Amino acid sequence: MLSNEEIRDRIINVTTMILNIDSSQIKNDSDFASDLGAESLQSVELVAGFEEEFEIEMDEEEALSVSSVGEAVEYIAKVVADQHG
Amino acid sequence: MKLVIYEDSTYENFYPFSLVRPVFELRCGATSLSEKLRRNFPSLDVAYSTRSYLTDTFQAKVGSAQVNNLPALDDDLFIANGRWLCINTQITAEGPEEVGVKEGSIVYVRVQQETVRKYLGQDLNEFLNTVLEVLPKKAVEEELVSYCWDIVHHNSDALVADFQFLGQAGVHGKMHELSCVYGEESQVFVASEAVIQPMVVLDSTEGPIIIEDGATIFPHSRIEGPCFIGQDTQIVGGKIREGCSIGPVCRVGGEVEESIIHGYSNKYHDGFLGHAYVGEWVNLGAITTNSDLKNDYSTVEVKLNGQLIDTNDTKVGSFIGDHTKTSIGTLFNTGSIVGMMTNILGGSEILPKTIPSFCLFANGKTFKGFGLRKFLQTAETAMGRRKVPLTEAERQMLTYAYELTKDERQEAVKKSRRQILSN
């Protein structure tokens, strides 16, 4: 079972890779769009990146409604628990 | 006696177009395959058989005609395969019981009520398999289309046949004095409510041209026959070369050759489309272009439903499903199959030859995109601009098509995901 800390670290890794930003810019309450500059296409890429990283399938609409890093940690933790036990 | 037009089991060969319509609703020439059948047997009431999830949306299009109603077939029947390109045929509905066959496929079945009562159960295709065993077979040389590129291949012949059937000629609409018919005017029909603006050439030297009511041909357009420009279509300075069927309600510019564009689709700007088949409600961004000929002139292979198929044809363009949109500068390779309701951000590279339905294709990768609801919202917006509602039955049918195409989409999405984190 992944801890929320592990999930957060991995989310940050994927985010830095896709948005091409430094990890120091990413805080728990960072908003992917307004703080980290994710445009709509990059949001779709982030969802795909998280799915690959955690080997999960996310509902597109639910995933795209997640706005901050902290929310992403909670949402992905739930999906990981649902799909991997 | 009734005419029954049915789909056989090869409907997947016509994906993505047959995801949202029966195969016999595909256009070839100025009319659909089913219209050609109906006009060839005009005295018969018509009934249809198609996949069950298409029943409601198709029923809405055909009004009171019977759709998927087997009890209504208690009659003498002339049953026609919906893949039959019924032009210039000598076959009649009247005659002895028999099964017309071409290369193992049923073209038609002529059967009496007594036989119908004896063998027709809950499934028309099972009934057809039975009568294929028990009735006399007759080999016929009719044309059964097998893939969408067959339809494109036969489009010019179908246009000529449709023009002959129309039986009308001459320029009845408003044609500016600075435009001309180059060729025989008897090979041109411009309907009374069509408008031909200045500096237009209607070239009928190689085949007939039909321009329907409400169509407008803007200046500097050249239209070569055989060609069909459907109702309320605008040709906006286009070079429309031979063998094209466009409309109704399309806006088309640039260069188009031997292509079929279903209703409500736009290719407003420059760019070349050749030997292509385009569904309804498609929007092709500026400079969207397809290749229809390989540099080595070899026959074109198409990957359809996971199978690589040699078309045995050197001229094959792209096949673009309903509601798909392309960005500026999208470049399709020879023999590309592009799914329906897909959003393509093309970029400057030639795209993969297969792109699934209901996805977002961008930066060379396939994504799930923004979800089905967003796809439906976009469709509703696009249709609303033309004052056409997206009905509940259409939503359900599209949702079913979304599920049907899930595996193919998922496979492409997973492949792209691996690339994202490995780059």
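Colleague: Why does Tyr264(B) count as buried?

Modeller: This is a predicted model, so every value is computed from it. Tyr264(B) has 24 C-beta neighbours inside 10 Å. The cut-off for buried is 20 or more. Therefore Tyr264(B) counts as buried.

Colleague: Where does Tyr264(B) lie?

Modeller: In chain B, the loop between strand 27 (260–261) and strand 28 (266–267) holds Tyr264(B). Its phi is near 65°, a positive value in a residue other than glycine.

Colleague: What makes Asn312(B) exposed?

Modeller: Asn312(B) has 11 other C-beta atoms within 10 Å. Exposed means 12 or fewer. Therefore Asn312(B) is exposed. Asn312(B) also has a positive phi, near 60°, and is not glycine. Look for Asn312(B) in the loop between strand 34 (307–310) and strand 35 (319–320) of chain B.

Colleague: Which peptide bond is cis at Pro16(B)?

Modeller: The one that joins Tyr15(B) and Pro16(B), where omega is about 5°. Pro16(B) sits in the loop between strand 1 (2–6) and strand 2 (27–28) of chain B.

Colleague: What is omega for the cis bond from Gly225(B) to Pro226(B)?

Modeller: For that bond, omega is near 0°. Pro226(B) is in the loop between strand 20 (222–224) and strand 21 (227–229) of chain B.

Colleague: How many residues are in the largest nonpolar core?

Modeller: The largest nonpolar core has 140 residues. Among those with the most contacts inside this core are Ile11(A), Val4(B), Ala80(B) and Tyr277(B). In chain B, domain 1 (2–146) and domain 2 (151–422) each give the core at least three residues. In soluble globular proteins, nonpolar side chains tend to be buried together.

Colleague: What is Ala80(B) in contact with, leaving aside neighbours within four places in sequence?

Modeller: Ala80(B) is in contact with Leu3(B), Val4(B), Ile5(B), Leu37(B) and Tyr108(B). Contact needs C-beta atoms within 7 Å.

Colleague: How many residues of chain B are in contact with chain A?

Modeller: 13 residues of chain B are in contact with 13 residues of chain A. On the chain B side, strand 41 (360–362) and helix 9 (406–422) each supply at least two residues. Helix 9 gives the most, with five residues.

Colleague: What classes of residue make up the side of chain B that touches chain A?

Modeller: That side has six nonpolar, three polar and four charged residues.

Key:
Residues are numbered from 1 along each chain as its sequence is written. Chains are lettered from A and ligands numbered from 1 in the order in which they are written. This is a predicted model: local features need pLDDT of at least 70, side-chain atom pairs count only at pLDDT 80 or more; totals for chains, interfaces and linings use all residues. A nonpolar core is a set of buried Ala, Val, Leu, Ile, Met, Phe, Trp, Tyr and Cys residues joined through C-beta atoms within 7 Å. Domain bounds come from an automatic or database domain assignment. Two residues are in contact if their C-beta atoms, placed from the backbone, lie within 7 Å. Helices (H or I, at least four residues) and strands (E, at least two) are DSSP runs, numbered from the N terminus. Ala, Val, Leu, Ile, Met, Phe, Trp, Tyr, Cys and Pro count as nonpolar, Asp, Glu, Lys and Arg as charged, and the others, Gly among them, as polar.
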